[in-house]
Amino acid sequence: MNRVQQMLFSYLAEKNAKYYPYKTFIVDEEKRCTFEAFCRRTNALARGLLSRGLKAGDRVAVLNHNALENVETFFGVMKAGGIAVPINVRLTASEVGEILRDADPSLILAGKDYLDRIPDPEKKGRQVFGIQEEGHPFSVYESLIQGFSTERIECETDDDETAMLIYTSGTTGK
């Protein structure tokens, strides 16, 4: 790991995987994930996103309740050189639509309870993935991980590039 990568947010989990591979990193209801497992899954996810055409600087929106997959997505997107766009699940479909129009993500990952808030899911060039496996017509999140190498991925990013784009209403509305 070169000096710049040591400073990138996306490599923090990898550093911990090296020193504490079997320590629990995340607990999500009944799911537990070690630093090593998390690192391997985010490497595979980064490769899966790249295989779907993600390019450096592309945005990936995430609309889901608090879940392990959200954190995996944030790290996987950053490892692939993309920009993660978390969207608050408390927003209305109209508000989600405004964020999607502004952020213009190339991929959207959404929990099954939030897929109906995505306006125009078949918009040309946009890919939608359902995080839970059942009950939706979209590609499944796990298809972005399964079958891809879990080896460390090298990304051409600088330490001053955007990692996340976070929308807030602040005190002035939109």
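Mentor: Contact here means heavy atoms within 4.5 Å of each other. Keep in mind that the model is predicted. The part to look at is helix H4, which spans residues 68-79.

Start with one residue. Asn-70 sits in helix H4. Is Asn-70 buried or exposed? Its relative accessibility is 7%. Buried means under 20%, so Asn-70 counts as buried. Which residues does Asn-70 touch, leaving aside neighbours within four places in sequence? They are Val-62, Asn-64, His-65 and Ile-131.

Now turn to the partner helix. H4 packs against H3. Two packed helices are described by the angle between their axes and the distance between those axes. For H3 and H4 the angle is about 60° and the axes are 8 Å apart. The two helices are therefore oblique to each other. Under 35 degrees they would count as roughly parallel, and from 65 degrees as roughly perpendicular. The H3 and H4 crossing is right-handed. From H3, the contact uses Phe-38, Cys-39, Arg-41, Thr-42, Asn-43, Leu-45, Ala-46 and Leu-49. H4 brings Leu-68, Val-71, Glu-72, Thr-73, Phe-75, Gly-76, Val-77 and Lys-79.

Roughly antiparallel would need an angle over 145 degrees. The crossing of H2 and H3 is left-handed. Ala-13, Glu-14, Asn-16 and Ala-17 of H2 make this contact with Phe-35, Glu-36, Phe-38, Cys-39 and Asn-43 of H3.

H2 itself covers residues 12-19, and its buried residues are Ala-13, Glu-14 and Ala-17. Why do they line one face of the helix? Seen down the axis of H2, they fall within an arc of 100°, so they share one face. Helix H3 (35-51) and helix H4 (68-79) are among the elements that cover them. On the other side of H2, Lys-18 and Tyr-19 are exposed.

Ala-84 lies in strand S4, residues 83-86. Its relative accessible area is 0%, so Ala-84 is buried. Beyond residues up to four places away in sequence, Ala-84 touches Val-60, Phe-74, Val-77, Ala-163, Met-164 and Leu-165. Ala-84 and Ala-61 are 23 residues apart along the chain, yet their C-alpha atoms are 6.1 Å apart.

Arg-117 is in the loop between S5 and strand S6 (127-130). With a relative accessible area of 21%, Arg-117 is partly exposed. The cut-off for buried is under 20%. Outside four places in sequence, Arg-117 is in contact with Leu-63, Val-89, Arg-90, Leu-91, Ala-93 and Val-96. Arg-117 and Val-96 are 21 residues apart in the chain, and 6.7 Å separates their C-alpha atoms.

Two loop residues deserve a check of the backbone. Glu-29 has phi near 50°, a positive value in a residue other than glycine. Glu-29 is in the loop between strand S1 (24-28) and strand S2 (31-34). At 70% relative accessibility, Glu-29 is exposed. Asp-104 also has a positive phi, about 50°, and is not a glycine. Asp-104 lies between helix H5 (93-103) and strand S5 (107-110). Its relative accessible area is 46%, so Asp-104 is partly exposed.

Last, step back to the whole chain. There are five helices and seven strands. From the N terminus, the order is α-α-β-β-α-β-α-β-α-β-β-β. Of the 174 residues, 44% are buried. Take contacts between residues at least 6 apart in sequence: 65% of them join residues at least 24 apart. The chain exposes about 9600 Å², with 48% of that supplied by carbon and sulfur atoms.

Notes
Residues are numbered from 1 along each chain as its sequence is written. This is a predicted model: local features need pLDDT of at least 70, side-chain atom pairs count only at pLDDT 80 or more; totals for chains, interfaces and linings use all residues. Side-chain values use heavy atoms; hydrogens and water are left out. Helices (H or I, at least four residues) and strands (E, at least two) are DSSP runs, numbered from the N terminus. Buried means under 20% relative accessible area, exposed over 50%, partly exposed in between (1.4 Å probe, protein chains only). The arc is that of the directions from the helix axis to the C-beta atoms. Accessible areas come from the Shrake-Rupley method with a 1.4 Å probe; for residues, only the protein chains shown count as cover. Axes are lines fitted to C-alpha atoms, for helices over the stretch in contact, and angles run from 0 to 180 degrees between N-to-C directions. Angles under 35 degrees count as roughly parallel, over 145 as roughly antiparallel, 65 to 115 as roughly perpendicular and the rest as oblique. A crossing is left-handed if the near helix is turned anticlockwise from the far one by less than a right angle, and right-handed if clockwise.
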